[in-house]
Amino acid sequence: MSNSTSFSRLGYLALKKETTAGVAVQPDTYLELIDENVQTKYTIQAVEPIAGKRDARLRSVKDKIEIGGTINVCVDAKTIGYLLQAGLGNPTTTTVESGVVYQHVFTPSNTLTTFTMDVKLAGFNYVYRYVGVRVAKVTFSQTDNKIMAAIEVVPQKSFTTTRLTVAASSGTTMNLKQTTGLTTSDTIIVLDKDDHETEIAEYTISSITSETEMEVSTISDTLDIDDIVVIKKGTPTYDLGENLIWIGGSNYTVGATYPNPVDNAVTVNAEDYTFEFENVLDPRFAATGCNFANRFASTINLKDFRARGSFTNYFANVSQFDDLVNNQEIGTRVHHCGATLSTASAQAATLDFGPGGANGVVTVTADTAGRAGEDYNVTIVINDTDDLAASFNPTGSKNILIELASTTTNKNTATLVAAAVDALSGVSAAASGTGATEFAIAAVAKANLGDTVHGIDANAKESLRVSFPKTKYDVFGTNLTAEDVINQDIKFEAEYDEDDAETVIVVLRNGVVSY
């Protein structure tokens with residue numbers, strides 16, 4: 001074989017969401033990757049008996065099969081959604097502009113979506129397939145101004161190659177060491193056991209009878225025991241977004257205004273960054289049978305979720321040191337933008353609340369159209385007195401606090417609540433409905449503008465926005481070096497935020513209708 005056929009650029013990565021975790025489907029979505037090192041470890045364990053001689057490790061036994069590795073990709077605003085789905089769970093999708101812009105919100109789910117993944121080795125007509133793929137870690141960073149993602153995967157099973165266990169020259173039955181990983185949509189290639197570059201035949205799979213037997217199209221070639229069976233490659237087609245960049249394509253903000261610091265974040269001159277989402281996975285191996293495939297993990301349990309990150313900037317003042325000293329709750333957000341999706345004008349973010357119907361609704365709208373209006377939020381509490389009031393808390397923040405009269409319900413009509421909010425700068429409010437007691441006298445958790453109508457910037461772009469509502473800085477320093485500007489390398493741990501009820505919120509906007 002010519003060395004040129006092994007050129008890595010001739011390979012590819014493909015994946016597809018599984019209907020049932022650990023049951024293979026044929027991948028049909030192709031991603032551009034920088035590199036990958038996923039390995040199936042067909043390990044053995046040594047048996048070292050005392051046998052009357054000095055030679056050790058005379059025998060071995062087969063061990064369980066563990067699989068894992070990392071895939072590195074440049075981040076684009078279309079295909080990154082599949083990897084976020086694998087790492088965080090299925091998103092909540094809404095329409096921003098019909099037929100043009102869709103929003104996908106990812107938060108840590110209690111159930112991970114699993115994928116079947118194909119890796120084509122360059123120079124070969126077949127793929128290695130990984131089944132029940134879960135994402136253990138997603139790390140975002142920038143390298144040479146490109147936004148990169150390192151995806152650490154833990155597949156449950158794999159199909160690299162298998163061998164025939166019964167010779168065949170006619171009929172449709174094929175007996176193998178393994179059928180796990182195959183689907184009835186696949187085409188298989190049989191390679192000669194003595195010359196792995198010689199393709200004997202191709203067959204389509206009509207049905208899979210068991211772990212060691214399947215039916216294929218009519219066998220008309222002589223197939224020997226130990227001939228090798230592989231999965232034929234597909235023809236990759238790509239539907240990608242614009243690669244996201246750091247300088248000239250991103251905005252990094254932090255905020256320490258309590259409560260809801262992420263809604264009150266301001267831009268910092270971040271020169272570098274990393275974000276990391278980690279799922280603690282627990283592959284479990286059990287005695288489930290006597291076939292080759294029973295050496296794979298019987299299941300993979302999902303345990304803790306953790307998130308952390310860091311950013312680097314030059315030392316300008318003591319504000320971040322002060323946040324560290326005071327153990328301040330920090331909101332942290334990065335916003336990457338890509339290609340223009342829409343030519344529409346900006347749209348203001350709005351929020352409706354109240355019981356609705358005849359009992360009334362209050363609609364709050366940001367005065368300035370655009371996505372930034374979604375940072376305004378509304379929280380309803382019970383006042384200490386029998387008075388209705390609305391204010392920004394703290395003053396100068398985007399946190400609208402509505403305090404309901406504690407006793408007299410007719411002080412809390414939709415009209416009066418709307419008037420109190422409308423008096424605040426930066427937002428407008430109006431009431432609809434005819435009810436006299438629009439609100440039960442009860443606290444209501446925080447909701448953000450944009451929950452009813454999304455805020456949209458003019459000429460909306462593809463975007464990836466990652467928000468940590470509550471982070472705490474790790475210890476960091478500002479060391480002096482001759483001739484250098486003083487830099488701060490600030491690491492943080494993300495904590496669960498009670499107001500937003502999340503550790504991390506990832507909002508992806510693109511032209512993809514669903515994932």
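On a 1 Å grid over the protein atoms alone, a cavity is a set of points where a 1.4 Å probe fits but cannot get out, whereas a pocket is an open set with protein on both sides within 12 Å along at least five of seven lines, and lining residues are those with an atom within 4 Å of a point. Grid points are joined across faces, edges and corners, and a volume is the space filled by probe spheres set on the points. Rolling a probe the size of a water molecule over the atoms shows where empty space is left. This is a predicted model, in which local features need pLDDT of at least 70 and side-chain atom pairs count only at pLDDT 80 or more, while totals for chains, interfaces and linings use all residues. Residues are numbered from 1 along each chain as its sequence is written, and side-chain values use heavy atoms, with hydrogens and water left out.

By this rule there are 2 cavities of 30 Å³ or more. The second largest cavity has a volume of about 30 Å³, and its lining consists of Leu31, Glu32, Val73, Cys74, Val75, Asp76, Thr79, Ile80 and Leu83. Helices (H or I, at least four residues) and strands (E, at least two) are DSSP runs, numbered from the N terminus; in these terms, β5 (59-74) and α1 each give at least two residues to the lining of the second largest cavity. Residues can also be sorted by kind: Ala, Val, Leu, Ile, Met, Phe, Trp, Tyr, Cys and Pro count as nonpolar, Asp, Glu, Lys and Arg as charged, and the others, Gly among them, as polar. Sorted in this way, the lining of the second largest cavity has 6 nonpolar, 1 polar and 2 charged residues.

The largest cavity has a volume of about 70 Å³, and its lining includes Leu15, Ile71, Tyr82, Phe115, Met117 and Arg134. At least two lining residues of the largest cavity come from each of α1 (80-88), β8 (115-120), β9 (126-143) and β10 (146-154), and the lining divides into 11 nonpolar residues, no polar ones and 1 charged.

Several of these strands are also paired, which by definition requires that DSSP finds at least two bridges between two strands. β5 and β10 run antiparallel and share 6 bridges, with threonine 70 having glutamate 152 in β10 as its bridge partner. β10 is also joined to β9, again in the antiparallel sense, by 9 bridges, and here valine 138 is partnered by isoleucine 151 in β10. β9 and β10 form a hairpin with 2 residues between them, and aspartate 144 in the turn has a positive phi of about 55°. From β9 the pairing can be followed to strand β20 (residues 272-284), an antiparallel neighbour joined by 5 bridges, where serine 141 stands opposite threonine 274. β20 in turn pairs antiparallel with strand β21 (residues 299-314) over 12 bridges, and tyrosine 273 stands opposite phenylalanine 311 in β21.

In soluble globular proteins, nonpolar side chains tend to be buried together. Buried means under 20% relative accessible area, exposed over 50%, and partly exposed in between (1.4 Å probe, protein chains only), and a nonpolar core is a set of buried Ala, Val, Leu, Ile, Met, Phe, Trp, Tyr and Cys residues joined through side-chain atoms within 4.5 Å. The largest nonpolar core has 57 residues, of which Phe140, Tyr252 and Phe277 touch the most other members. Apart from that core lies another, of 23 residues, among them Ala349, Val378, Val417 and Val427.

Which strand holds arginine 509? Arginine 509 is found in strand β32 and is buried, with a relative accessible area of 4%. A polar contact is a pair of N or O atoms within 3.5 Å; within protein, one must be able to donate a hydrogen and the other to accept it, and residues adjacent in sequence count only if both atoms are side-chain atoms. The side chain of arginine 509 makes such contacts with the side chains of glutamine 103, at 2.7 Å, and glutamate 374, at 3.1 Å. In strand β7 lies histidine 104, which is buried at 0% relative accessibility and whose side chain has a polar contact of 2.9 Å with the side chain of threonine 93.
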